[in-house]
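Dear colleague,

Please find below the structure that I am handing over to you.

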Amino acid sequence: MSREVISADGVPAPGGAYSQAVVARGFLYTAGTGPHDPVTGEVVGDDVATQTRQVLGNLRALLAARGLDFSDVVKVTVHLADLGRDYEAYNAVYESAMARPFPARTTVGSTLDHKLVEIDMVAVLRD
């Protein structure tokens with residue numbers, strides 16, 4: 001199986017031993033992406049709505065590096081630091097940004113390091 005590693009300008013550099021995204025067998029898989037400013041690497045905002053907008057902006061840039069956008073996304077996994085408190089605000093930002101029909105999605109509560117939200121996506125490549 002061949003793989004293509006995707007690195008995008010305007011997206012925060014990986015903070016560990018992983019790729020920003022990988023293309024394999026007709027799909028693009030992103031790493032979990034946080035609300036980091038691509039220039040400073042700092043977490044943007046102190047509320048889940050602001051952080052979700054930043055995460056989605058980072059993911060938008062990553063998808064665009066391979067000629068894709070949110071309409072190509074088929075699966076999303078979301079980690080929220082406080083699922084009960086933050087779900088509604090996160091979901092409102094997500095719903096306004098994503099293309100219909102919405103992709104399949106899983107949203108879970110997770111222990112996150114100094115951030116409120118992290119998202120990864122799977123997108124189907126265009127023919």
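Gln20 is buried, as its relative accessible area is 7%. Please bear in mind throughout that this is a predicted model. Gln20 sits in the loop that runs between strand E1 (4-6) and strand E2 (21-24). Its side chain reaches two backbone oxygens: that of Pro12 at 3.0 Å and that of Val11 at 3.5 Å. Once neighbours within four places in sequence are left aside, the residues in contact with Gln20 include Ile6, Ser7, Ala8, Tyr29, Thr30, Ala31 and Leu62. Ala13 and Pro14 are also among the contacts of Gln20.

**Other residues of the E1-E2 loop**

Ala8 is found in the loop between E1 and E2. With a relative accessible area of 10%, Ala8 is buried. Leaving aside neighbours within four places in sequence, Ala8 is in contact with Gln20, Ala61, Leu62 and Ala65. Ala8 and Ala24 are 16 residues apart along the chain, and their C-alpha atoms are separated by 17 Å.

Pro14 also lies in the loop between E1 and E2. Its relative accessibility is 34%, so Pro14 counts as partly exposed. The C-alpha atoms of Pro14 and Val78 are separated by 18 Å, and the two residues are 64 residues apart along the chain.

Leu62 belongs to helix H1. It counts as buried because its relative accessibility is 1%, and buried means under 20%. Leaving aside neighbours within four places in sequence, Leu62 is in contact with Ile6, Ala8, Val11, Gln20, Ala21 and Thr30. From Leu62 to Gly10 there are 52 residues in sequence, while the C-alpha atoms of the two are 8.2 Å apart in space.

Asn58 is likewise placed in helix H1. At 1% relative accessibility, Asn58 counts as buried. The side chain of Asn58 reaches the backbone oxygen of His36 at 3.0 Å. Apart from neighbours within four places in sequence, Asn58 is in contact with Gly10, Val11, Pro12, Thr33, Gly34, Pro35, His36 and Pro38.

**The largest nonpolar core**

The largest nonpolar core holds 29 residues. Those with the most contacts inside this core are Leu28, Leu63, Phe70, Val73, Ile119 and Met121. Two or more residues of the core come from each of E2, helix H1 (48-64), strand E4 (73-80), helix H2 (83-97) and strand E6 (117-124). H1 gives the most, with 7 residues.

**The largest pocket**

The volume of the largest pocket is about 230 Å³. Of the 16 residues that line this pocket, Pro12, Ala13, Pro14, Tyr18 and His36 are the closest to its centre. By class, the lining consists of 7 nonpolar, 8 polar and 1 charged residues.

**Backbone features to note**

Most residues other than glycine have a negative phi, and most peptide bonds are trans. Which residues does a cis peptide bond join in this model? The bond lies between Arg100 and Pro101, with omega at about -5 degrees. Pro101 is in the loop between H2 and strand E5 (104-109).

Positive phi values occur as well. Arg25 is a residue other than glycine, yet its phi is near 50 degrees. Arg25 is placed in the loop between E2 and strand E3 (27-30), and at 68% relative accessibility it counts as exposed. His114, which is not a glycine either, has a positive phi of about 65 degrees. This residue, His114, is found in the loop between E5 and E6. Is His114 buried or exposed? Its relative accessibility is 67%, so His114 counts as exposed.

Yours sincerely

Definitions and conventions: Residues numbered from 1 in each chain as written. Predicted model: local features only at pLDDT ≥ 70, side-chain atom pairs only at ≥ 80, totals over all residues. Heavy atoms only, no water. Helix = DSSP H or I, 4+ residues; strand = E, 2+ residues; numbered from the N terminus. Buried < 20%, exposed > 50% of the residue type's maximum accessible area, 1.4 Å probe, protein only. Polar contact = N/O pair within 3.5 Å; in protein donor to acceptor, adjacent residues only side chain to side chain. Contact = heavy atoms within 4.5 Å. Core = buried A, V, L, I, M, F, W, Y, C linked by side-chain atoms within 4.5 Å. 1 Å grid on protein atoms, 1.4 Å probe; cavity = no way out; pocket = protein on both sides within 12 Å on 5 of 7 lines; lining within 4 Å. Points joined across faces, edges and corners; volume = space filled by probe spheres on them. Nonpolar A, V, L, I, M, F, W, Y, C, P; charged D, E, K, R; others polar.
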